Amino acid sequence: PRVNAHPSSDKEGCGSHTDKKKKKEILEELFQLQVKFNTVERERSRHLYSKRHEFQTLFYTLEETETKLTKQRNTEGYELKQQIEKIRSNVAHFKRTLHEGKSGSLFVEKVKQTLEDIEASLLAFKEKQKDIYEQLLREENIVLQEISAYERRIESWLTSKSDKTGSHVTSSVVKSVETTSMPSEVVAFERFLVQTGGHNGGWDEYDHQIFLKIRNKHHAGPSFLDIAVTEIPTHTPEDIEQHEHWYIEYCTLLDSKKKAIVKWKKAKENERLQMKTGIKDEMKESQSKRNNLLEKEKQERFSKLSDWKIQKMKLQSEEERRLKLEKEKSIKQRKKEMERQSVVKAQIEEYSRRKEEERKVKQLEDEARAIEARDKCRIANKQIQKFQQRDTHSLHEKMERLSHREQEEMEKRARLEKLKQTVTVKVSRDPARLLQLTAGWKERKKAEAEILFSGSLLNMPKRAVPSWRQGL
């Protein structure tokens, strides 16, 4: 049995399908934003941190800050992922607990405790993320305000530059620089650049770089100007000397500008801190409103939880009633099964008894057949012995006759030899004797006839009849 905490399964299926669709759309949008972010990052790094950029040294601090913030962002992402995985594992454990389908007050308390833990972890996670997002929004507002101020300042520079053309360009630029809210050192440096021809002092980039290279190599010593005259043939010694005076003043104004920018940044930081305090007051008010809203939501959740508990108790009572009916039904089925088993047991016993009787009858038949087979085997052995003895006796008689015949032949040959020695045979020529039987052959035939008809026909050797053919 399974605890049905959500009866409306059709609504849940539709809602889960809508949630999956929204989740898919959000993931696609996040992927597109990640691609755009990576593209913007590459473009920014290529422009700001290029080794050929003339302001590379000014961006070292920015690069260090960016690296620090990147590490911090990666750490926060890792912690956020761990928190989400923890909440996900708690939800999976809650699902497994529901699927176990146990019943009783202990199970309900366990489910309730698990649900409250998940809800508390989700609320804490949402509150923490909400505070982080609000802090980020405040910082974003401050940055946007600073960017808009810089944009207005740049627009004022551009409009003041586009008002005048021709011979009045230099004076208009100087005037626009002076009318801005920048420090006086920065204004003086910008005016100096406009009046003297920019960062190269009116020279081209190549000649100015050669000048700086020679000056840095000789540390602006007395022999520096002589070597510069030979290395830069496009300018006279007076121009080089004048450029040296210009560069000394340029370095002085540049140092003053850097110091002034540092002071200006500190002032801006103080303004930003003051702005932050104002935002904090506003955030306190919004925090109180949010606390009231959270309290209201908490009461609503408490009421929903109470309704859920009542529904749970109803479901539990129905489950207990259903279990009771199933128990009674199982008892009836068990009784029927026991009766059926007793009948089957009696049938099995009867079948076993019949089988035992059949086995005994078959055993007796087998024993009788074995005794009969033994008797037949004994009779067959006796007959075989009898036949063997008869064959042996016949063989001895035959051997004796053969030996007797050989003895007679030997005696006959001896007589013939003796007669040949005493009598000389004179035989006349008679061709008819060629086809007549000799006396020896006639004697031989006579002896064979006597041997053939000497015994009885009843005592002739023959093959034994098999047991299965006897009596047929």
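What follows is a conversation about a predicted model and the terms used to describe it.

Biologist: What does the secondary structure of the protein come to?

Modeller: The protein has nine helices and zero strands. Along the sequence the pattern reads α-α-α-α-α-α-α-α-α.

Biologist: Why are α6 and α7 called roughly antiparallel?

Modeller: The axes of α6, residues 205-218, and α7, residues 224-231, cross at roughly 150°. Angles over 145 degrees count as roughly antiparallel, and α6 and α7 are therefore described that way. Their axes come within 10 Å, and the crossing is right-handed.

Biologist: Which residues meet where α6 and α7 are in contact?

Modeller: From α6 there are Ile210, Phe211, Ile214, Arg215 and His218, and they meet Phe224, Ile227, Ala228 and Glu231 of α7. By class, this contact has six nonpolar, one polar and two charged residues.

Biologist: How many aromatic pairs does the structure hold?

Modeller: It holds seven aromatic pairs. One of them joins Phe189 and Tyr250.

Biologist: What makes the pair of Phe189 and Tyr250 tilted?

Modeller: A pair of aromatic rings is described by the distance of the centres and the angle of the planes. For Phe189 and Tyr250 the values are 5.5 Å centre to centre and 45° between the planes.

Biologist: Where in the chain do Phe189 and Tyr250 lie?

Modeller: Phe189 is in helix α5, residues 184-196, and Tyr250 is in helix α8, residues 237-422. They are 61 residues apart, and the pair links distant parts of the chain.

Biologist: Why is the pair of Trp246 and Tyr250 called stacked?

Modeller: The angle between the planes is 20°, and planes under 30 degrees apart count as stacked, so the pair is given that name. The centres are 5.1 Å apart. Trp246 and Tyr250 both lie in α8, four residues apart, about one turn of the helix.

Biologist: How do you know whether Trp246 and Tyr250 are buried or exposed?

Modeller: Buried means under 20% relative accessible area. Trp246 has 8% and therefore counts as buried. Tyr250 has 11%, so Tyr250 counts as buried too.

Biologist: Which residues do the ring pairs link into a cluster?

Modeller: The cluster links Phe189, Phe192, Trp203, Phe211, Trp246, Tyr247 and Tyr250.

Biologist: Why is Asn200 counted as buried?

Modeller: Its relative accessible area is 18%, which is under the 20% cut-off, so Asn200 is buried. Asn200 is found in the loop between α5 and α6. Leaving aside neighbours within four places in sequence, Asn200 is in contact with Glu205, His208, His243 and Trp246. The C-alpha atoms of Asn200 and Tyr250 are separated by 9.7 Å, although these residues are 50 residues apart along the chain.

Biologist: What makes Ala464 partly exposed?

Modeller: Ala464 has a relative accessible area of 46%. That value lies between the 20% and 50% cut-offs, so Ala464 is partly exposed. Ala464 is in the segment after α9. Ala464 and Ala380 are 84 residues apart in sequence and 9.0 Å apart in space, C-alpha to C-alpha.

How values were computed
Residues numbered from 1 in each chain as written. Predicted model: local features only at pLDDT ≥ 70, side-chain atom pairs only at ≥ 80, totals over all residues. Heavy atoms only, no water. Axes fitted to C-alpha atoms, helices over the stretch in contact; angles between N-to-C directions. Helix = DSSP H or I, 4+ residues; strand = E, 2+ residues; numbered from the N terminus. Parallel < 35°, antiparallel > 145°, perpendicular 65-115°, else oblique. Left-handed = near helix turned anticlockwise from the far one by under 90°. Contact = heavy atoms within 4.5 Å. Nonpolar A, V, L, I, M, F, W, Y, C, P; charged D, E, K, R; others polar. Phe/Tyr/Trp six-rings, centres within 6.5 Å; stacked < 30°, edge-to-face > 60°. Buried < 20%, exposed > 50% of the residue type's maximum accessible area, 1.4 Å probe, protein only.
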